[in-house]
Amino acid sequence: MAHLPTRRVGNLTGTLVAVPDGFALHEVTVDGVDRPRLDSVDLEIPATGITVLAGESGSGKSTLLRLLNRLDVPDRGSVTWQGEDLDEVDVLLHRRQVGMVFQAPAVAPGSVLDNLRIGAIDLDEETAGDLLQLVHLDPSYLDREAGELSGGEKQRVCLARTLATGPEVILADEPTSSLDPEATEVIEHLARRLAAPDSPMPVGWVWVSHDPSQIERLADRVVRMRAGRVV
């Protein structure tokens, strides 16, 4: 198994120690009805670039993704983020560092600005407009009703809302599966741009997909899954 890049941090004695930069799963099992949803998974995922979780429906991709944001917890084994066991971290703080975008864009009633402030309650209009520009929406969208936007526009608002917390990584569960090809292309372009080291707000991605052409377009690295195992 390839090892994560590490960062050097000081401990209580002042000694520099190596800390993995990303996620690590050790012997992770999530039980299911007929068979485990995840079965003794060992895996390391860097916090940079785009890692795609690939495999057929039911292979365990979404279950694995949900573990990384503590929407699910393992029945056995451990999941760490930046060297710290997720069982021991503050969930709300973790979800600011590790954001999530889902298949169907879920916007709340109210304006686009109201939606962005769900991610950051004190967000000012200028910063909110900058976030919209980052996801290729004009700042004039701030006053529009979020529920009246197209599917692709809603997904970009959801992405901007996630970016409002300043995440290090975004987890994306087939975020383009309900979008048309044009909107899909826009979201993929945004992901590649945001994952670039010279991005104004660089973030890593863990992206679930079963589309071979999308995987080829997006992935810096691919984790292939089958029947709850990494293959």
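Val101, Gln155, Leu159, Ala172, Pro175, Ile187 and Trp205 line the largest cavity, where a cavity is a set of points on a 1 Å grid over the protein atoms alone at which a 1.4 Å probe fits but cannot get out, and a lining residue has an atom within 4 Å of a point. This is a predicted model, in which local features need pLDDT of at least 70 and side-chain atom pairs count only at pLDDT 80 or more, while totals for chains, interfaces and linings use all residues. Residues are numbered from 1 along each chain as its sequence is written, and side-chain values use heavy atoms, with hydrogens and water left out.

**The cavity**
- The structure holds one cavity of 30 Å³ or more, and the volume of the largest cavity is about 40 Å³, a volume being the space filled by probe spheres set on grid points that are joined across faces, edges and corners.
- The lining of the largest cavity has six nonpolar residues, one polar residue and no charged residues; Ala, Val, Leu, Ile, Met, Phe, Trp, Tyr, Cys and Pro count as nonpolar, Asp, Glu, Lys and Arg as charged, and the others, Gly among them, as polar.

**The pockets**
- A pocket is an open set of points with protein on both sides within 12 Å along at least five of seven lines, and the largest pocket holds about 440 Å³ of space.
- Of the 20 residues that line the largest pocket, Arg95, Gly99, Met100, Arg161 and Thr162 lie nearest its centre.
- Two or more residues of this lining come from each of helix 2 (91-97), strand 8 (98-101), helix 3 (112-119) and helix 5 (151-163), where helices (H or I, at least four residues) and strands (E, at least two) are DSSP runs numbered from the N terminus.
- The second largest pocket holds about 270 Å³ of space, and among its 17 lining residues Ala54, Gly55, Glu56, Arg224 and Met225 are the closest to its centre.
- By class, six nonpolar, six polar and five charged residues line the second largest pocket.

**Helix 3 against helix 4**
- Helix 3 and helix 4 (residues 125-134) pack at an angle of about 95°, with their axes 11 Å apart; axes are lines fitted to C-alpha atoms, for helices over the stretch in contact, and angles run from 0 to 180 degrees between N-to-C directions.
- Helix 3 and helix 4 are therefore roughly perpendicular to each other, a term that covers angles of 65 to 115 degrees.
- Val112, Leu113, Leu116 and Arg117 in helix 3 meet Glu125, Ala128 and Leu132 in helix 4, contact meaning heavy atoms within 4.5 Å.

How values were computed. Parallel < 35°, antiparallel > 145°, perpendicular 65-115°, else oblique.
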